[in-house]
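My entries follow in the order in which I made them.

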Amino acid sequence: MNFITNMFDRLEPTFSEGGRLSALHSLYDGFKSFMLIPNDTAKAGGVHIHDVNDSKRTMIMVVVALVPCMLFGMWNAGYQHFNAIGVEAGFWMQFAFGLLAVLPILIVSYVVGLAIEFTVAQWKKEEIQEGFLVTGFIIPLIVPIDTPLWMIAVATAFAVVFAKEVFGGTGYNIFNVALVTRAFLFFSYPSKMSGDKVWVRTRDAFWWQGGEAVDGFTGATPLGQVATATGGEVQLHDTLGNDLSFMDAFIGWIPGSVGETSTICILIGAALLLFAGVASWKTMLSVFVGGALTAMAFNAWGPQDNAAAMLPWYMHLVLGGFAFGAVFMATDPVTSARTETGKWIYGLLIGVLAIVIRVLNPGYAEGMMLAILLMNIFGCLIDWCVIESNIKRRMKRSKL
């Protein structure tokens, strides 16, 4: 650690004002802040309360919580691939295939997003924020694994510029940046992001074994099967037609976006976030409660010929991006409600809207993305209403 500190100390004059590379000071400061704990303190007047959970530690903790979803998703990508082509493969072969499929998306996400963030920070002569550490990690988890890399690059650039930087950067964005990336892909390239299809990479062998690429295997995801079902009930199945149970969906042995299939891994991540005090359990729980109650209402009084309405409420919670959105998206401290009462209302409405969209609009088989983005708009309004209500109650008590 002393070696790293000494190295940055030697480089400091070069990147400081008047130095040979002063134009790249924001880039230098960003790497230094990432590697070391900054010694800078707040210089504004007034009282400051210091907290050990600074933005860097918060973002790193979220990334750590996402790792189980990423690792399982890599394995599942290989599992779905070999399952689709009917070839038996061991665990490490499946994981290696998924790793090679996901890694390019992860690299493109980080390279494009961080390049824009570094450029904007240098142009504005500001510090580089750590917000994209999480966003860049989430993007590969919420897009289909077959999404072309150029689409990932374009969508990421659009989201970082128009959903984040134009609002002022980290901490000022109204919408969740990762979800804006997915929304851009969803509306610009609907055939890739409709939510009712999944492409399984089908290559006879790894590239180093000389295998030739074959046509992609396209099969409906479980939610896609529900959306296209004609009767009131539907039996979910995998890419080979085998029946899928609740436990299959809960564990994650289903096709879908990389990080959204395993509810177990998502709950592990939720436990880490709650233990570290990074996310709100009220928001998480209220999303699940809102979704479950809405699905129960449709089960009881919904149209009998609508498969999504008749899908058991507990299946809604483990299919698609519902659980992932509840844990990692709805709890975003920047775009969600911040008052304690507001968190209950905010999460409840997300759960309700997600199921309503799934049931009443089969063209949007997923529902969770649109529900969260819509509630991002109303997060501040919910907080304002809660605060105003508290002020009025206190004024009444003071008059008494």
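**Entries on salt bridges**

I began with Lys-343, which counts as buried because its relative accessibility is 15%, and buried means under 20%. I note that the model is a predicted one.

I then looked for the partner of Lys-343. Its side chain meets that of Glu-340 in a salt bridge, with 3.2 Å from N to O. Lys-343 and Glu-340 are three residues apart in helix H16, so about one helical turn separates them.

Next I examined Glu-340 itself. I found Glu-340 partly exposed, at a relative accessible area of 41%.

I followed Glu-340 to another salt bridge, in which its side chain meets that of Lys-282 at 2.8 Å, N to O. This pair links distant parts of the chain: Glu-340 belongs to helix H16 (residues 340–360) and Lys-282 to helix H12 (residues 281–301), 58 residues apart. I looked up Lys-282 as well and recorded it as buried, because its relative accessibility is 17% and the cut-off is under 20%.

I therefore asked which residues are linked in a network of salt bridges. They are Lys-282, Glu-340 and Lys-343.

I turned to Glu-260 and Arg-182, whose side chains form a salt bridge of 3.0 Å, N to O. Glu-260 sits in the loop between helix H10 (246–251) and helix H11 (263–276), while Arg-182 is in helix H7 (residues 177–188). The two are 78 residues apart, and the pair links distant parts of the chain. I recorded both Glu-260 and Arg-182 as buried.

Finally, I noted the count of salt bridges, which is five.

Note on methods
Residues numbered from 1 in each chain as written. Predicted model: local features only at pLDDT ≥ 70, side-chain atom pairs only at ≥ 80, totals over all residues. Heavy atoms only, no water. Salt bridge = Lys/Arg side-chain N within 4 Å of Asp/Glu carboxyl O. Helix = DSSP H or I, 4+ residues; strand = E, 2+ residues; numbered from the N terminus. Buried < 20%, exposed > 50% of the residue type's maximum accessible area, 1.4 Å probe, protein only.
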